[in-house]
Amino acid sequence: MPAESRSRLVPGAAAPERQVVAAAMAAAATAWLDSLTPQQTAAAQFGSPLLPAAEAERLKWFYTPTDHGGLAIREQTPQQQSLAMQVVASGLSEAGFATVATVMGLENILDQVEGWRVHWGRERGRDPGLYWLRLFGRPGDPVWAWRFGGHHISLNNLVVAGRVVSTTPCFVGADPAETVLLGGSLRPLHGLEQVARQLVSSLGPGQQQRALLHERAVSDIVSGNRPTVSHGDAMMHMQDLWRGRFADPALEELVDDIDRRAEDGSAYTPGDHAAVSISVPPKGLGGRDMDVGQRALLRQLLALYTGRAPQGLADAYDVHYAAESVLDEVHFGWAGGTDAGRPHYYRVQGPQVLIEYDNTQRNANHAHSVWRDPTADFGLDVLAEHRSRTAH
């Protein structure tokens, strides 16, 4: 079966939509790559995803303030920085790019919140210039990919035969989740939290019982930064979310302390973690058991995540989830309090989607959100088929 019919990037998305996005990505990535010095290129460009070593690196993704791999924004000239951000924008909707750019800027605010003292083994621990862009292969190759990431951002994209075949995992976090402004507040992920709370608050007693994953919130997303998600996966602990171990024992102790405080805050036991582990079939309340208004909220919530993708792809997702039979199979689960300001976690899971959101740390003012497709993250299904076809 050809990759075109098997690709699950956007159910129902026609090839032209994927080609248009891929062409924009290739143009932006080529312009950025051509602007770099040989030394910069050595950091920015890795081997093709068809090479085992490069593929192993491509599947490493993070949302902690660790080295994400590639060429950091701060290591580029202003013009190169602009070209790098154009690559980032090519993989996002207008609203998605604005959200990502805002999260990057939050590093300045977080630095102040933490008293300008957290260093993470580098000159500045909270640094809006420490977001890394890396290409795998060369734009226009039959198979190429790009990754952009830093603290609370991870974007992963694969292009095969001139078509975008994967835009997940896609992680966006915010710390602080809410910042006071003159005359208002800044809340980059507020919509993701507000719509989910509206949905859980709309459920009747029987529905709430089915949707409730746990009375207390788990302290982080459960899928962590695993390259693939499987039945039974439980929450990864902080120590496992970094690129290797710290050489400085004080930093190792800091990570251990963060994990201890998070676990003390949730009061989770191994049994509690097992209760909220990823499962197939999904836990929670299915769309088929929701009324019309609740189903509308579930669609709205899905769109807030799939809407991160470039517009043509996001529109195709909207069409896909407009189908009643598709929404029937999507489940919604909640853990923790439902009142604003209380630690909470929710999950949206269906045959081709896994969404997780938590706001638990820093007195429920530190949010994580991730959009994944367990059947096609990193485009592994299409890439495997491509290898099989080209091997014959």
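1. Core. The largest nonpolar core has 66 residues, and Trp-32, Phe-148, Leu-302, Phe-332, Tyr-346 and Val-348 touch the most other members. Helix α2 (residues 15-34) is its biggest contributor, giving eight residues. Apart from this core lies another, of 16 residues, among them Trp-120, Met-236, Met-238 and Val-370. A nonpolar core here is a set of buried Ala, Val, Leu, Ile, Met, Phe, Trp, Tyr and Cys residues joined through side-chain atoms within 4.5 Å. Buried means under 20% relative accessible area, exposed over 50%, and partly exposed in between (1.4 Å probe, protein chains only).

2. Basis. This is a predicted model: local features need pLDDT of at least 70, side-chain atom pairs count only at pLDDT 80 or more, and totals for chains, interfaces and linings use all residues. Residues are numbered from 1 along each chain as its sequence is written, and side-chain values use heavy atoms, with hydrogens and water left out.

3. Trp-32. Leaving aside residues up to four places away in sequence, Trp-32 touches Ala-44, Leu-71, Gln-76, Gln-80, Leu-83, Ala-84, Val-87, Leu-133 and Leu-135. Contact means heavy atoms within 4.5 Å.

4. Cis peptide bonds. Thr-168 to Pro-169 is cis, with omega near 5°. Pro-169 sits in the loop between β6 (163-166) and β7 (170-174). Val-280 and Pro-281 are also joined by a cis bond, omega about 5°. Pro-281 belongs to the loop between α10 (270-275) and β11 (285-286). Helices (H or I, at least four residues) and strands (E, at least two) are DSSP runs, numbered from the N terminus.

5. Positive phi. Trp-116 is not a glycine, yet its phi is positive, about 60°. Trp-116 lies in the loop between α6 (94-113) and β3 (131-136). Its relative accessibility is 56%, so Trp-116 counts as exposed. Asn-363 has a positive phi near 55°. Asn-363 is in helix α14 (residues 361-364). At 77% relative accessibility, Asn-363 counts as exposed.

6. Helix pair. Helices α11 (residues 292-306) and α12 (residues 311-322) pack at about 155°, axes 10 Å apart. Axes are lines fitted to C-alpha atoms, for helices over the stretch in contact; angles run from 0 to 180 degrees between N-to-C directions. The two are therefore roughly antiparallel (under 35 degrees is roughly parallel, over 145 roughly antiparallel, 65 to 115 roughly perpendicular, the rest oblique).

7. Helix contacts. Arg-299, Leu-302, Ala-303 and Thr-306 of α11 meet Ala-314, Tyr-317, Asp-318, Tyr-321 and Ala-322 of α12. Leu-302 is also one of the core residues named above.
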